[in-house]
Amino acid sequence: SWLVIRSSVERAIPEHFVTGLVRSGIEPIIWFDFPLNKSPNLVEIKPILTSYARWGAKYIAFFDQPNAAASWTPSMWSQNSIVDRFLERFLPLVSITLQIGLKPVLPPLQPGGSFWDTVFLRSMLESLDRRKLTPVVNNMALSAYACTAGHDLQWGAGGPERWPNSRPYITPDGEQDQRGFRVFDWYKAICQAVIGTTIPIFLFGVGVEDIQSQAQFDPARHSEVNLAIARALSESQVSNPDKTSIFLEGIPEEVMACNFWLLAAEKDTPCYNQAWYQDGKQLPVVDNLKNWVSNPKIAIKTPKNVETEGQVTMNETQP
């Protein structure tokens, strides 16, 4: 019931598309991926945000991966206080967004990242706390890239309380860290430690190993992982009596939405083979998920027509 949509200042998403989603019970999360090398023009963005609010949108995300060196120019990244310089760009947008009646979303951080993501998040929250902006934080939401990073879905479950010896940039043998699907356990713990409460979290990039690398994409494994996540979202805890399927602890209520990657993509783009719908064809996860929704008790089996080296023979069912 959620859909992430990219927007820009130059061209708004059409009104009929946004209102159509809302009428259908689908909550849009509208994402402005502004470059960090300059501050956005607030005069230009305010009327667009006002329109989105009037059309029924509620959540607006700004920027992407501010803890990654690649998101900044080299000269800007080399300067001190990168967290505060990010907040100088982000907070004016927060102010306008809240005035209009929308809820701003902190951008997802690069897992690990050039500036370790858990440290960056903690520093942001501490800076907001020093500025006496805790009431603002309580009206915001977090977001996080919840790609598996090659780990199983349980990697890092329980957060820093369960893995106390994990440190920024250092994950000792026998320890686990936040770089996986359970990133929300770590971000939740940081919020609780810094501001004394938790805030909603939106998960992006869910169901794949990495949204940047598609070389080893396996459609069969992709379907299995996404179905396990869907089961966990619908239950307090996923049972695994026969030990044959992926087990995943329950997902906390702070997780507002789990946005699977990727509904559609243009041909000749790096992410095209990860798109659930591809020119009238579709990945196995589509039919498997539909079948599971129709009958959650049925056993979902990997289709026999799936090859596991990045190729898949798909049916011609239209979206």
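1. The largest cavity has a volume of about 30 Å³. A cavity here is a set of points on a 1 Å grid over the protein atoms alone where a 1.4 Å probe fits but cannot get out. The points are joined across faces, edges and corners, and the volume is the space filled by probe spheres set on them. The structure holds 1 cavity of 30 Å³ or more.

2. Before you go on, please keep in mind that this is a predicted model, in which local features need pLDDT of at least 70, side-chain atom pairs count only at pLDDT 80 or more, and totals for chains, interfaces and linings use all residues. Residues are numbered from 1 along each chain as its sequence is written, and side-chain values use heavy atoms, with hydrogens and water left out.

3. Which residues line the largest cavity? They are Leu106, Pro107, Leu109, Leu121, Met124, Leu142, Ser143 and Tyr187; a lining residue has an atom within 4 Å of a point. The elements that give two or more residues to this lining are α5 (117–130) and β5 (142–145). Helices (H or I, at least four residues) and strands (E, at least two) are DSSP runs, numbered from the N terminus.

4. By type, the lining divides into 7 nonpolar residues, 1 polar and no charged. Nonpolar covers Ala, Val, Leu, Ile, Met, Phe, Trp, Tyr, Cys and Pro; charged covers Asp, Glu, Lys and Arg; the others, Gly among them, are polar.

5. Now for the charged pairs. Side chains of opposite charge can pair when their charged atoms come close. The structure holds 8 salt bridges, each being a side-chain nitrogen of Lys or Arg within 4 Å of a carboxyl oxygen of Asp or Glu.

6. One of them joins Arg179 to Asp177, with the closest N and O atoms 2.6 Å apart. Is Asp177 buried or exposed? Asp177 is buried, at 1% relative accessibility, while Arg179 is partly exposed at 30%. (Buried means under 20% relative accessible area, exposed over 50%, partly exposed in between, with a 1.4 Å probe and protein chains only.)

7. Arg182 pairs with Asp185, the closest N and O atoms being 3.0 Å apart. Arg182 is buried at 2%, and Asp185 counts as buried at 12%.

8. Glu254 and Lys188 form another salt bridge, at 3.5 Å between the closest N and O atoms. Glu254 lies in the loop between α9 (219–234) and β7 (255–260) and Lys188 in helix α8 (residues 183–195), so this pair ties together parts 66 residues apart in sequence. Glu254 is buried at 12%, whereas Lys188 is partly exposed at 27%.

Methods. On a 1 Å grid over the protein atoms alone, a cavity is a set of points where a 1.4 Å probe fits but cannot get out, and a pocket is an open set with protein on both sides within 12 Å along at least five of seven lines; lining residues have an atom within 4 Å of a point.
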